Amino acid sequence: MANIVGWILAIVLALVFSLAGGVKLIGVPAMVAEFAQIGIGQWFRFVTGLLEVSGAIGLLIPKFRFWAALQIGAVMIGATVVNLWVLNVPALASLTAVLMLLALVLAWLRRPQKG
């Protein structure tokens, strides 16, 4: 059962983060504006997009799923903090927090087993 749940979570998160990272990488105007508002620079949009897309790919490869889920979780921790304290968008922070929790659940399901 955990294996089925893991695959479903992996596929759903991979779709979400392929899309989310993709719009950042191709420079959708809303993403360019959002990252301009963050104030770090557009390089940060590219790094975030690369982390999301590479994480999405890793989620679909069982050997890398644990680390990819942690990567996605870490990106979503950052996104939640930025959405709360920089962009002041609590609704978006709620979404990124849920995505973070789902990624961490997947990481827990795929954690390395001792022995």
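## Getting oriented

A helix here is a DSSP run of H or I with at least four residues, and helices are numbered from the N terminus. With that in mind, welcome to this structure, which is a predicted model. One place to begin is the loop between α4 (65–85) and α5 (90–109), where N88 lies.

N88 has a phi near 55 degrees, a positive value in a residue other than glycine. For context, most residues other than glycine have a negative phi. N88 also counts as exposed, because its relative accessibility is 55% and the cut-off for exposed is over 50%.

## Helix α1 against helix α3

Let us turn to α1 (residues 2–26) and α3 (residues 42–59). The axes of these helices come within 8 Å and cross at roughly 155 degrees. That angle makes α1 roughly antiparallel to α3, since angles over 145 degrees count that way. The crossing of α1 past α3 is left-handed.

Which residues in α1 and α3 meet? On the α1 side they are A10, L13, A14, F17, S18, A20, G21, G22, K24 and L25. On the α3 side they are R45, F46, T48, G49, L50, E52, V53, A56 and L59. Sorted by class, the contact of α1 with α3 has eleven nonpolar, five polar and three charged residues.

How many salt bridges does the count come to? The count comes to one salt bridge, in which the side chains of E52 and K24 meet at 3.1 Å, N to O. E52 lies in helix α3 and K24 in helix α1, so the pair ties together parts that are 28 residues apart in sequence.

Are E52 and K24 buried or exposed? E52 counts as buried because its relative accessibility is 3%, and K24 counts as buried at 9%; the cut-off for buried is under 20%. Leaving aside residues up to four places away in sequence, E52 touches F17, A20, G21, K24, I72, V75 and M76.

## Helix α1 against helix α5

Helix α1 also meets α5. The axes of α1 and α5 come within 10 Å and cross at roughly 140 degrees, and the two helices are therefore oblique to each other. Here, too, α1 passes α5 in a left-handed crossing.

From α1, the residues making this contact are A2, V5, G6, L9, A10, L13, V16 and F17. From α5, they are L99, L102, A103, V105, L106 and L109. By class, the contact of α1 with α5 has 13 nonpolar residues, one polar residue and no charged residues.

## Helix α2 against helix α3

The remaining pair to look at is α2 (residues 29–38) with α3. Their axes come within 8 Å and cross at roughly 120 degrees, which makes α2 oblique to α3. What is the handedness of the crossing of α2 and α3? This crossing is right-handed.

M31, V32, F35 and A36 of α2 make the contact with Q42, F44, R45 and T48 of α3. These residues divide into five nonpolar, two polar and one charged.

Technical notes:
Residues are numbered from 1 along each chain as its sequence is written. This is a predicted model: local features need pLDDT of at least 70, side-chain atom pairs count only at pLDDT 80 or more; totals for chains, interfaces and linings use all residues. Side-chain values use heavy atoms; hydrogens and water are left out. Axes are lines fitted to C-alpha atoms, for helices over the stretch in contact, and angles run from 0 to 180 degrees between N-to-C directions. Angles under 35 degrees count as roughly parallel, over 145 as roughly antiparallel, 65 to 115 as roughly perpendicular and the rest as oblique. A crossing is left-handed if the near helix is turned anticlockwise from the far one by less than a right angle, and right-handed if clockwise. Contact means heavy atoms within 4.5 Å. Ala, Val, Leu, Ile, Met, Phe, Trp, Tyr, Cys and Pro count as nonpolar, Asp, Glu, Lys and Arg as charged, and the others, Gly among them, as polar. A salt bridge is a side-chain nitrogen of Lys or Arg within 4 Å of a carboxyl oxygen of Asp or Glu. Buried means under 20% relative accessible area, exposed over 50%, partly exposed in between (1.4 Å probe, protein chains only).
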